[in-house]
Amino acid sequence: KLQFLYFIDSSEMTKRKRSTGERAPIKASKKVKGTENENKVSKGWQWWGALGRPTKVAAPLVSQSEAAFRELVRRYGVELCYTPMMLSSKLVEDEAYNKAVFDVREGEKVIAQIAGSKKEDIVNAAALVGDRCVAIDINLGCPQDIAKRGCYGAFMDHETALECVRELSSQQACPVTVKIRRKQTVEETRQYMMSLQEAGAAMVCVHARTLTQRSYEAPDWDHVKAVLQEGQFTIPVLGNGGIQNAEHLRDVMGTGCVGGMSGEGLLYNPASLYEGEAPTGLQLAKEYLDICKKLPPSHISIPRKHLYYMLAEHWDTHIGVYDRLFKATQMEELRTVISQISSGKHVLREKDAPRPGGRPRKRTKVGALAAPPIGGLSMCTEGGYVAPSSKGKKMKPK
């Protein structure tokens with residue numbers, strides 16, 4: 001278990017503004033090298049070094065980065081994982097929710113991500129889980145409509161976010177990190193990140209897309225590179241957005257980021273960052289279900305959705321099995337789905353059977369398939385998903 005004393009005091013100016021209710025400016029001030037503030041912020045690098053300076057990081061995914069999936073991606077090169085995104089109010093008030101989403105094992109190297117709109121909820125939630133993780137991460141990057149309605153993620157008030165970072169970094173026995181999305185201009189992003197650093201963040205993960213961009217749009221890594229070149233950062237910065245393989249990761253690190261965080265890429269291929277001989281999707285699906293025997297997910301919808309991603313290449317020819325996957329209520333039924341695909345037989349639905357006279361019916365391409373009808377496919381790291389063979393077209397979960 002990795003724990004670190006991480007105390008960062010507010011400056012006298014910040015204390016005065018908080019006591020009088022005056023709103024502090026977002027623009028970060030320039031620091032003089034060697035000051036007490038800089039020395040304290042540099043503890044972020046000390047913490048990152050104690051973690052082994054990880055470069056391959058698995059993103060926090062709603063209901064999809066549970067213990068079994070974290071174990072699987074670690075087997076294929078991932079060095080640091082996050083919990084699923086956890087809503088602070090539910091984490092504090094709902095014991096069943098707490099048990100379901102915070103499935104961290106003793107000694108596991110994992111960052112707990114919390115989302116919320118109220119400082120009190122976030123601070124209280126952090127107190128519940130802080131002693132079992134290596135850091136508390138505040139979600140400031142979720143772009144989805146549900147986050148907009150709840151005023152969390154990318155829609156969280158900036159001053160409230162800074163207050164959360166200040167308070168947690170001074171009270172928690174583990175570092176506080178943040179995950180954000182880039183702003184429209186380099187200067188806006190730089191000022192935003194610098195303000196979080198000065199508030200006490202030990203690490204910033206920046207998604208290279210803006211709030212309004214979606215996962216089928218290219219991330220702007222030149223923007224991130226310019227931010228890192230112009231900023232005076234004394235903490236590690238991770239890159240996130242569109243990282244599908246090890247080559248993408250190397251490109252991201254070329255911007256100055258210490259590593260890359262992958263979400264959607266790892267969902268489709270948990271071995272996507274692995275640089276050895278990678279297994280097939282079928283082999284990964286079987287391995288994942290084996291892990292689930294010792295680390296059972298809290299609900300059957302979780303492994304159902306994982307299999308949907310890992311077996312995506314098969315759904316065009318196994319549409320009938322696709323239907324059976326999302327009707328499964330037991331783990332054994334999921335193993336049967338894998339066996340049916342492994343057999344090589346194409347199981348089609350009745351409406352896909354040949355018409356009388358041998359003329360085939362019009363097939364539905366995988367790109368046109370709806371999202372899994374049970375549980376949805378909401379992902380707060382990549383802002384949605386692109387279905388296989390959809391050629392970049394955005395698909396909205398039902």
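Helices here are DSSP runs of H or I with at least four residues, strands are DSSP runs of E with at least two, and both are numbered from the N terminus. With that in hand, arginine 53 is found in the loop between helix H3 (43–50) and S1.

Okay, some ground rules. What we're looking at is a predicted model, where local features need pLDDT of at least 70, side-chain atom pairs count only at pLDDT 80 or more, and totals for chains, interfaces and linings use all residues. Residues are numbered from 1 along each chain as its sequence is written, and side-chain values use heavy atoms, with hydrogens and water left out.

So, the overall picture. The protein chain has 17 helices and nine strands. Of its 398 residues, 56% are buried, and buried means under 20% relative accessible area, with exposed over 50% and partly exposed in between (1.4 Å probe, protein chains only). Take contacts, meaning heavy atoms within 4.5 Å, between residues at least 6 apart in sequence: 72% of them join residues at least 24 apart.

Most residues other than glycine have a negative phi. Arginine 53 has a positive one, near 50°. Cysteine 151, in the loop between helix H8 (145–150) and H9, also has a positive phi, about 60°. Is that cysteine 151 buried, exposed or partly exposed? It's partly exposed, because its relative accessibility is 41%.

Next, a helix pair. Helix H9 (residues 158–171) packs on helix H10 (residues 186–199) at about 30°, and the axes are 8 Å apart. Those axes are lines fitted to C-alpha atoms, for helices over the stretch in contact, and angles run from 0 to 180 degrees between N-to-C directions. That makes H9 roughly parallel to H10, since the label covers angles under 35 degrees, while over 145 is roughly antiparallel, 65 to 115 roughly perpendicular and the rest oblique. On the H9 side the contact uses His158, Leu162, Val165, Arg166 and Ser169, and H10 brings Tyr192, Ser195, Leu196 and Ala199.

Moving along to H11. Its buried residues are Trp221, His223, Val224, Ala226, Val227 and Leu228, and they pack against H10, strand S7 (203–207), S8 and H12. Aspartate 220 caps the N-terminal end of H11, with a side-chain oxygen 3.2 Å from the backbone nitrogen of aspartate 222.

Then H12, residues 246–253, where Ala246, Leu249 and Val252 are buried. Why do we say they line one face of the helix? Looking down the axis of H12, they fall within an arc of 115°, so they line one face; the arc is that of the directions from the helix axis to the C-beta atoms. Their cover includes strand S1 (56–58), helix H11 (221–230), strand S8 (237–240) and strand S9 (259–262). At the start of H12, a side-chain oxygen of asparagine 245 comes to within 3.1 Å of the backbone nitrogen of glutamate 247.

Last stop, glutamate 287 in helix H14 (residues 281–294). Glutamate 287 counts as buried because its relative accessible area is 17%. Its side chain makes a polar contact with the side chain of arginine 75, at 2.9 Å. Polar contact means a pair of N or O atoms within 3.5 Å; within protein, one must be able to donate a hydrogen and the other to accept it, and residues adjacent in sequence count only if both atoms are side-chain atoms. Beyond neighbours within four places in sequence, glutamate 287 is in contact with Leu72, Arg75 and Tyr76.
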